[in-house]
Amino acid sequence: MHSRIKLLFHPLVALAGLTCLNGSAQMSQPVLGEDATKISDHVWALMGFPNVGIVVGQRATLVVDTGLGPRNGATAARAAAKLSGNQKLFLTTTHFHPEHAAGEGGFPPHTILIRDAAQQQEIERHGAEMIALFSSRSAQNKELLANAKLRSPDIVFDTEATIDLGGVTVQLLWFGGAHTKGDELILVDPDETLISGDVVQNQVVPNIAGDGGTPASWLGVLDKISALHVLHVLPDHSAPGDGTLVSKERAFIDDLRTRALALKRQGVPADDAGKQLGAEFKAKYSAWPNMNVAGFVRSIYAE
Ligand SMILES: [Zn+2]
Ligand SMILES: [Zn+2]
């Protein structure tokens, strides 16, 4: 646990190609409902944009991700209160994008906000800029983000923090950059459930936002996750699944990276490779709802 980082702003940094793609209609719904879906013994989720995780212990509750703006944050806090009588409430965020982090103002004032240092640095550098970008995308986003504030966390950790919620323990983990630099993973025991953010998804093409991680660092993060041997995975923009989602994510990235690097060696331009591999992978991974690999192929070329 180290102390807070000084506020830094780099408003001119361009964040190209930033998206949080999602499969079903519910998962693109930015106004969350209070009805929770049970994932494992102690883990619940509000399914939407994004899926918000709620881990309920005997003494305290942890909410993972805020929803887009304070109204959604308040919904998540109410849902958490309905699931438990706990007064003690922790909040953490999987990464700094607004639908994950910009609803913090809707939580009660006593909420203990905790996140990893790499993510906090991204919030300080790009958080306000991201809120402005998301606000510009639709009138609904603009309204939801109107009073979004990003306060300093109560606890910042470097690579790992453990919270005992009473009968259930959460490990908050930073394994390196993937979708963003600061991706946080939440391991819940004894459930053996992983709340995986964008790092492990269910049939969603991976995407590296702005100056996030690299395809190689993403694979490195997945190797560390594999060693956790989880039984359940709750991703942020796709359906929950079992532990095989981890090896499937790794296999997809490895497959795409191998093919893209082969085309790069043949001198095929990145954009052409993106189109070619989009068609190739659409046939190969036919169950996936979208196969726009152009952005990730560019990330592979840039490595
Ligand atoms: Zn997202
Ligand atoms: Zn994101």
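Axes here are lines fitted to C-alpha atoms, for helices over the stretch in contact, and the angles between them run from 0 to 180 degrees between N-to-C directions. Helices (H or I, at least four residues) and strands (E, at least two) are DSSP runs, numbered from the N terminus. This is a predicted model, in which local features need pLDDT of at least 70 and side-chain atom pairs count only at pLDDT 80 or more, while totals for chains, interfaces and linings use all residues; side-chain values use heavy atoms, with hydrogens and water left out. Residues are numbered from 1 along each chain as its sequence is written, and chains are lettered from A and ligands numbered from 1 in the order in which they are written.

With these conventions in place, the axes of α6 (residues 244–265) and α7 (residues 270–284) come within 11 Å and cross at roughly 140 degrees. Angles under 35 degrees count as roughly parallel, over 145 as roughly antiparallel, 65 to 115 as roughly perpendicular and the rest as oblique, and α6 and α7 are therefore oblique to each other. Their crossing is right-handed, where a crossing is called left-handed if the near helix is turned anticlockwise from the far one by less than a right angle, and right-handed if clockwise. On the side of α6, the contact (heavy atoms within 4.5 Å) is made by F252, D255, L256, R259, A260 and L263, and on the side of α7 by A273, Q276, L277, E280, F281 and K284. Sorted by class, this contact of α6 with α7 has seven nonpolar, one polar and four charged residues, where Ala, Val, Leu, Ile, Met, Phe, Trp, Tyr, Cys and Pro count as nonpolar, Asp, Glu, Lys and Arg as charged, and the others, Gly among them, as polar.

The helix α6 also packs against α5 (215–226), and the axes of α5 and α6 come within 10 Å and cross at roughly 155 degrees. That angle makes α5 roughly antiparallel to α6, and the crossing of this pair is left-handed. From α5, the residues P215, A216, W218, L219, L222, D223, I225 and S226 meet V246, E249, R250, I253, D254 and R257 of α6. By class, the contact of α5 with α6 has eight nonpolar, one polar and five charged residues.

What, then, covers the buried residues of α6? The cover includes α5, β12 (232–235), β13 (241–242), α7 and α8 (294–302). Buried means under 20% relative accessible area, exposed over 50%, and partly exposed in between (1.4 Å probe, protein chains only); the buried residues of α6 are L245, V246, E249, F252, I253, D255, L256, A260, A262 and L263. The expected span of a helix is 1.5 Å times one less than its number of residues, and the 22 residues of α6 should span 32 Å, which agrees with the 32 Å between its end C-alpha atoms. After α6 comes G267, whose phi is positive, near 85 degrees.

In the loop between α1 and β5 is S84, which is buried with a relative accessible area of 11% and, leaving aside its neighbours within four places in sequence, is in contact with V56 and T61.

The backbone has some local features of its own. Most residues other than glycine have a negative phi, and most peptide bonds are trans. Q203, in the loop between β11 and α5, has a positive phi near 60 degrees, and Q203 is partly exposed, with a relative accessible area of 34%. The peptide bond from F49 to P50 is cis, with omega near 0 degrees, and P50 is found in the loop between β2 (43–46) and β3 (52–56). Another cis peptide bond joins D189 and P190, with omega about 15 degrees, and P190 lies in the loop between β10 (185–189) and β11 (193–197).
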